[in-house]
Amino acid sequence: LFVESDLAAGAEVALTQPQAHYLFAVMRMGVGAAARLFNGRDGEWIAEVVEAGRRGGRLTCRERSRGQTRPRDLHLLFAPVKKARTDFIVEKACELGCAALRPVFTRFTNAERLRADRLRAHMVEAAEQCGFLSIPDLAEPVRLDRVLDGWGRGGDEGRRLVFCDERRDAPPLAEALAAHAPAPGGDAGPWAVLIGPEGGFSDDEALRLRRVPGVVPASLGPRVLRADTAATTALALWQSVLGD
Ligand code: SAM
């Protein structure tokens, strides 16, 4: 269970109403039961329920079961799509170990306003489900132009950007990544994956992307994937070649 409080031996943690509902009504836990807590900073703790109510409850941390882990330095830059598909992208990016997500508005992005609280709730749920001890950072939405203005000139701190491009001439992603594999035991360094909107990138955007230093154009195969499928596939491939 993700909590905001600090976690340490003997620390008391108060539950919100939804958390209490989940533990006591859904999971049918009661006083004396043990739950696993994490906050993204202090690792995972086994905590004992000391008070269980309908509107809240309290737990006491007993012992640390896992140290805090850091995700690989992998970001997802994605053009928002329809609400349910954006929710899917955010959930899968968390399961696939992204450190940060940034919505990017491109020429053909036609999604409505994004609700950061809703997206963060999906990430918290995904992290709880898969045992990821961090919640990815959710950066402010930004225009693609602004992202590219600084990229390759220090604004990106040397981060490489996989530009997922369904146009025919991009090399397969696994091949493009293998060319950047670190020496055995080395670290891949900072990376990001960029996925376009339902209408894809415009020709101008694609041309500009290909000229930016640090951008690695890549294909995910001969079929045009939906943006949510493309994001999941690219992140999974990145993890299998350069990550965990
Ligand atoms: N119209 C569909 C939809 O509603 O989701 C397809 C959208 S596709 C154009 C969205 C993005 O997914 C593209 O801009 C690209 O970043 C990525 N993508 C899809 N298929 C791909 C492929 N075969 N290779 C590389 N990237 C791909």
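In what order do the four strands of the open sheet stand? In this predicted model, the order is E1-E4-E3-E2, and the pairing is antiparallel. The points below take up this sheet, then a pair of helices, and finally the surroundings of the ligand.

**The sheet**
- Strand E1 (12-15) and strand E2 (34-38) stand at the edges with a single partner strand each, so one side of each has no neighbour in the sheet.
- From one strand to the next, the twist averages 45°.
- Five bridges join E2 to strand E3 (residues 44-52), and the two pair in the antiparallel sense, while Leu37 stands opposite Trp45 in E3.

**Helices H2 and H3**
- Helix H2 (residues 83-95) and helix H3 (residues 116-130) have axes that come within 8 Å and cross at roughly 40°, and the crossing in which H2 passes H3 is right-handed.
- On the H2 side, Asp87, Val90, Glu91, Cys94 and Glu95 take part, and in H3 they meet Leu119, His122, Met123, Ala126, Ala127 and Cys130.
- By class, this contact of H2 with H3 has seven nonpolar, one polar and three charged residues.
- Phe88 is also found in helix H2, and Phe88 counts as partly exposed because 19 other C-beta atoms lie within 10 Å, whereas a buried residue would need 20 or more.
- Although Phe88 and Met123 are 35 residues apart along the chain, their C-alpha atoms are separated by 9.8 Å.

**Around the ligand**
- There are 17 residues around the ligand, and of these Cys164, Gly196, Gly200, Arg226 and Ala230 come nearest.
- By class, the shell around the ligand has eight nonpolar, four polar and five charged residues.

Terms used: Residues numbered from 1 in each chain as written. Predicted model: local features only at pLDDT ≥ 70, side-chain atom pairs only at ≥ 80, totals over all residues. Axes fitted to C-alpha atoms, helices over the stretch in contact; angles between N-to-C directions. Left-handed = near helix turned anticlockwise from the far one by under 90°. Contact = placed C-beta atoms within 7 Å. Nonpolar A, V, L, I, M, F, W, Y, C, P; charged D, E, K, R; others polar. Near = placed C-beta within 6 Å. Buried ≥ 20, exposed ≤ 12 C-beta atoms within 10 Å, placed from the backbone. Pairing = 2+ DSSP bridges.
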